[in-house]
Amino acid sequence: MLPGRRSEIGFNLNRTPVVIPGDGCSLLEALRDRLGVRSAKDGCSPQGQCGCCTVWIDGSPRVACVTPAARVRGREVTTVEGLHPAVAEAWSQAMCATGGSQCGFCTPGIVMRLAAQRTPLTPEAVDQALLAHLCRCTGWQTIHEAAQCVSVGGTPSRPASRIREQAERRAALESGTAQRVDPDVALGAGGFADDTAPVDALIALRRDDGDWVVGETLTEARRVAGKVQGRRTTAPVTWPIAVPTGDWVRTLQTTWVEPAYLEPDASWCVPGGEPMTPLGNGGAFGGKSHSAVGAVARDLADRHGRAVRVIYSREDVVRLGPKRPPLAAGLRADGTGIVRVARTTGIVQAITQVAPGLTVEEIGIAGPPTSIDLRGAGWVEAAVLLSSLAPTDTIHAPNGAVARAAIDPDGTVQVSVRCGEVLDEVVLRSYAIGAAHMAFGWVRSEGLAVDAEGIVHDLTIRSFGALRAVDTPHIAVTIETDSGAAVNGSDAVFAAVAAAAWRHAGFPPAWPLTA
């Protein structure tokens, strides 16, 4: 080794020699911030649990966020940019054609994992590979379908009338923000906030006391912030609101749940400029509608006279991000009753617009912030309660969408949705499957441990209870034609599947069922 070169790390990146400073950074930080390769994503920051940063090291898939850059000295690192063009093309086309990629944050890592498989991509093999990954958007099934397409050497047939503009209109309706629909999105090119930041920007992180600190590098900022890795607690999930007293035919308690979007809130701004929206290429199911990171980026950029990247850690997202308001309800046979719900702006109207017979009592409880921006918060719970009195689970959403759901004896979730002009069947079906996956998990397994003082104890992305691929039932979607104006349909599907999952379990009085 030459004198003066001891602190440098050399390795091959996509078959090209590169050298980076040996400053103690992770491989993920080296790729994104030293080498400008931002296809690998930072979803758990860094817990090694979400799989979004998966790359190959000497041909084997590894998560880059917990791999020290020093460990790859002299080795071969491959990202999606280094895949054989035919392989990258096959995966990106299949993901787009099946709806296996929506926002595209988690899919580069998934592609790298599946493309590394040396055995046939059977459903069982794909399920096992996906154990290393989390995806909140797609519900896994369309990823399975993309893998099957690649394994047989083709892409699925697409409607001849599929037009990108219509696909993106449908995606915007379902996601709540503008969203690109294109094969390159599956390879990480969706345009997320932190991917587009200037390379020389300062990096700002939040300390536990709420102050923001900046550093020239992510490693430095984490050191100055004193970041402590989150843990999964052994504390049990609890239900913070008691069921009101009454003579009820149905009762329900819900607890704290984490929206669990994969991209942590991020923004950046130059002095005197407008901050980059944290919504990026996805709406986070309403979870980032009022995120603070943009205002912080603007303030810090003006204060420091330089571009500043502002990034929430995964722990910040859990502690500070809004949650669905927990509630406890009692329902009579005539559809009247009482709902006690965490005090939340707009929650009374959200509930009573679909269930005018319910009296809403807002309760002050300690805990993380709540919001009605989260996927149908309030009206979905009310609609599910009323649906439990009917023979079938048909949901009429406030926007005019209609969805029905049922669970077959073999566990298949049957869904139908009518939500105006279809625009793009692939995108609508993908969002319906994703909504069904989220609803099924909400009823069965999702919960967040929050103590009596309101402190969140579940801080790892694997602790939220989101269903893994191996735990997700098959979801069959029927899209009903409609000449009306296109509206969001996946929220109605979310409500209908939650109602069907509750019915299938026999209407137990508390969610999640496995707590």
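Leaving aside residues up to four places away in sequence, serine 388 touches Arg250, Leu331, Trp502, Arg503 and Phe507, a contact meaning heavy atoms within 4.5 Å. The model is predicted, and local features need pLDDT of at least 70, side-chain atom pairs count only at pLDDT 80 or more, and totals for chains, interfaces and linings use all residues. Residues are numbered from 1 along each chain as its sequence is written, and side-chain values use heavy atoms, with hydrogens and water left out.

Serine 388 is found in the loop between α11 (379–387) and β14. Helices (H or I, at least four residues) and strands (E, at least two) are DSSP runs, numbered from the N terminus. With a relative accessible area of 5%, serine 388 is buried; buried means under 20% relative accessible area, exposed over 50%, and partly exposed in between (1.4 Å probe, protein chains only). A polar atom of the serine 388 side chain lies 2.5 Å from the backbone oxygen of leucine 385.

Strand β14 also belongs to an open sheet of four strands, in the order β14-β15-β16-β17, with mixed pairing. Two strands pair if DSSP finds at least two bridges between them. The edges are held by β14 (393–396) and β17 (475–479), each of which has a single partner strand, so one side of each is left without a neighbour in the sheet. From one strand to the next, the twist averages 15 degrees. Strand β16 (residues 413–418) runs parallel to β17, and five bridges join the two. Within this pairing, valine 413 stands opposite isoleucine 475 in β17, and valine 415 has valine 477 of β17 as its bridge partner.

Helix α12 (residues 425–444) packs on the sheet, where this helix touches β15 (402–407), β16 and β17. The direction of α12 makes about 135 degrees with that of β17; axes are lines fitted to C-alpha atoms, for helices over the stretch in contact, and angles run from 0 to 180 degrees between N-to-C directions. Together, β16, α12 and β17 make a right-handed β-α-β unit. A crossover is right-handed if, with the strands pointing away from the viewer, the path from the first strand over the helix to the second runs clockwise.

Side chains of opposite charge can pair when their charged atoms come close. A salt bridge is a side-chain nitrogen of Lys or Arg within 4 Å of a carboxyl oxygen of Asp or Glu, and by this rule the count comes to 34. One of them joins the side chains of aspartate 195 and arginine 32 (2.7 Å, N to O). Aspartate 195 lies in the loop between α6 (164–175) and β6 (202–206) and arginine 32 in helix α1 (residues 27–34), so the pair ties together parts that are 163 residues apart in sequence. Both aspartate 195 and arginine 32 are buried. A network of salt bridges links Arg32, Asp33, Arg38, Lys41, Asp194, Asp195 and Arg309.

In another salt bridge, the side chains of glutamate 480 and arginine 418 meet (3.1 Å, N to O). Glutamate 480 lies in the loop between β17 and α13 (490–504) and arginine 418 in strand β16, so this pair ties together parts that are 62 residues apart in sequence. Arginine 418 counts as partly exposed, at 28% relative accessibility.

Methods
A polar contact is a pair of N or O atoms within 3.5 Å; within protein, one must be able to donate a hydrogen and the other to accept it, and residues adjacent in sequence count only if both atoms are side-chain atoms.
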